Protein chains: 2
Amino acid sequence: MPELPFTLDQLRILKAIAAEGSFKKAADLLYVTQPAVSLQIQNLEKQLEITIFDRGGRKALLTEGGRLLLEYCERILNQCDEACKAIEDLNSLKGGTLIIGASQTTGTYLMPRMIGLFRQSYPDVSVQLKVHSTRRTGWSVANGQIDLAIIGGQLPGDLENLLQIIPYATDELALVLPIRHHLTNKKELLKEDLYKLNFVTLDSQSTTRKVVDKLLKDSGLEIQRLKIEMELNSLEAIKNAVQAGLGASFVPVVSIERELAGGTIHKAKIADLEVKRELKLITNPSRYTSRASQVFKKNILPQFASLDSPLRKI
Amino acid sequence: MPELPFTLDQLRILKAIAAEGSFKKAADLLYVTQPAVSLQIQNLEKQLEITIFDRGGRKALLTEGGRLLLEYCERILNQCDEACKAIEDLNSLKGGTLIIGASQTTGTYLMPRMIGLFRQSYPDVSVQLKVHSTRRTGWSVANGQIDLAIIGGQLPGDLENLLQIIPYATDELALVLPIRHHLTNKKELLKEDLYKLNFVTLDSQSTTRKVVDKLLKDSGLEIQRLKIEMELNSLEAIKNAVQAGLGASFVPVVSIERELAGGTIHKAKIADLEVKRELKLITNPSRYTSRASQVFKKNILPQFASLDSPLRKI
DNA sequence: TAATTTAAATAATCTATTCTTAACAAGAAT
DNA sequence: ATTCTTGTTAAGAATAGATTATTTAAATTA
């Protein structure tokens, strides 16, 4: 190894001697014997080809070269200390960044609460939330741009093997009706009733829309017979449309908590149909997992996870 | 020794890997084997309790902590490089300070030429010239405030043992007369003639004055019989006074080179009297000798030294 | 999919630093 | 003069770090 002319230990010794004015005291300060100090300084002087200390007098005094070196020495050691502190902060989560991926729905209704909780405990970690499609989120996790993500949709097959996928929670996709709709009287609906409704849906690109379509189809419904009044591109717009009496819709329950509590929207029960999807936590097991990510997964996510999620099993 | 969490070598390895994106290539770059690199990084990671590299993929990628550390790493290594350069410059005399002491006379007439010569070769060394009394100069050399000095007077006894005193040159104190003075006709004067002259002298504090007085007295002259027209405090003033015809004076030959060449002053010979003093180089053998000081002593001084000076014996 | 190649981790051995103890030398303080 | 302190020198011991050889894992290629 093409050698450096000094080591950090030598610089530490130099600093100590300069501060104490004595080899002996420096040795005591550093918990080594005095010859060790002498030797190191001799090596340093030999390698730099300068005299550093004037040992003549009562005190060990710095020569011109010594003073020059000491200046750099202090700067270098300060940088080292700073580096240590920064790393410690990172370890104790007083710094760093956590990047979380989510779909539109979880990103809008679930993540903000989770992140809020996380930041209560770790206010110095900056958290980024990336809302993208399931596919794109999956790739981002795969190549390390995102630490972890919660998705509701189906991943491309090749990613399924690459990523760790943990069932996280069940997201019910509730049928919501305007509160003055005539079907709100009925305790329970039947699948058949859906054909009588006008629907306001997410546009067909959306993951949630695809999931709903697939689930309805799987349950035996002929989805092309469902009347779609209009397609909107955000859940908020849909909720507003439903509340305005423009039609019914399937929306994630997490997105209507406030409306249900305020009685501004009606959630219908369907006797012979359950529209549910699995929310899944995805991470990349072959990548480095940041401390913040570990903590988020271990401490925050379980508080929102459904009871049967592996994350809950403490 | 309370340990530092990393060594400069480890930082160098870290930097190399980050640059090359590979442990192997970093190893080649640093002329070590690959396991050595692996081990050092492992130690680093253990000590800092962080993961630095993501070894999963094709390339060794930095983790968040790794990037953080690398920032400090680069700054630290840069400082180290700078320190090395500064020391090298000092060694090769591309920096540093040389502090030279001198009496009024040598400081005015000799040193400027020497320093000029020195700075031709070493323009980056800053040179300070301190003109003080012999006594004060001696003490400054003793306590290290001055690297070396040339003095013409007598040192206090205690300093004579402490310092290294090398005969350097003989400084003739020439009797100078106005060019129109009636004694300039004579080829050689005699001591007796001095009593007929009016003298313009340095004031009695001055080293040169004391030396001249002593030398004249030692040669048997009754100095109180010499007529002193006036006392001035600088050689330049004296030279002007002499040239103006106000009187004669003993002045160091080095101080009248220009005037002799221009024929504006007359230097008299005295048959039975030689007024000479030894200029001596003094240094402090028990103190650190700067590189600049060594060079000045070895290369510059001999060019101005008299033939019998030890400095000339190459 | 298997085979080859490449990079990194691991293990065992060996070397080289760098401590420590001990003995010594030089200055300062008593 | 001698005692105490401080630093240097020298020899042995402990440790850190490097090397070679081998194993493991991933990526490229056939």
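A residue is called buried if 20 or more other C-beta atoms, placed from the backbone, lie within 10 Å of its own, exposed if 12 or fewer do, and partly exposed in between. By this criterion Tyr31(A) is exposed, with 9 other C-beta atoms within 10 Å. The structure is a predicted model, in which local features need pLDDT of at least 70, side-chain atom pairs count only at pLDDT 80 or more, and totals for chains, interfaces and linings use all residues. Residues are numbered from 1 along each chain as its sequence is written, while chains are lettered from A and ligands numbered from 1 in the order in which they are written.

Tyr31(A) is placed in the loop between α2 (23-29) and α3 of chain A; helices (H or I, at least four residues) and strands (E, at least two) are DSSP runs, numbered from the N terminus. Most residues other than glycine have a negative phi. The phi of Tyr31(A), however, is positive, near 55°. Glu49(A) also has a positive phi, near 55°, and lies in the loop between α3 and β1 (53-54) of chain A. With 13 C-beta neighbours inside 10 Å, Glu49(A) is partly exposed.

DNA strand C is surrounded by 19 residues, a residue being near a strand if its C-beta atom, placed from the backbone, lies within 6 Å of it. The closest are Thr33(A), Phe23(B), Lys24(B), Pro35(B) and Ser38(B). Two or more residues each come from α3 (34-48) of chain A and from α2 (23-29) and α3 (34-48) of chain B. The most, 5 residues, are given by α3(A).

Two copies of a chain are related by a rotation about an axis and a shift along it. Here, chain B is superposed on chain A by a rotation of 179° with 0.1 Å of shift along the axis (RMSD 0.3 Å), fitted by least squares on the C-alpha atoms of residues with pLDDT of at least 70 in both. This is the relation of a two-fold axis. Within chain B, the C-alpha atom of Ile76(B) comes closest to the rotation axis, at 2.7 Å. Because 100% of the interface residues of chain B are also interface residues in chain A, the copies meet through the same surface.

Ile76(B) also takes part in a contact between helices: residues of α1(B), including Leu11(B) and Leu14(B), meet residues of α4(B), among them Ile76(B) and Leu77(B). Two residues are in contact if their C-beta atoms, placed from the backbone, lie within 7 Å.
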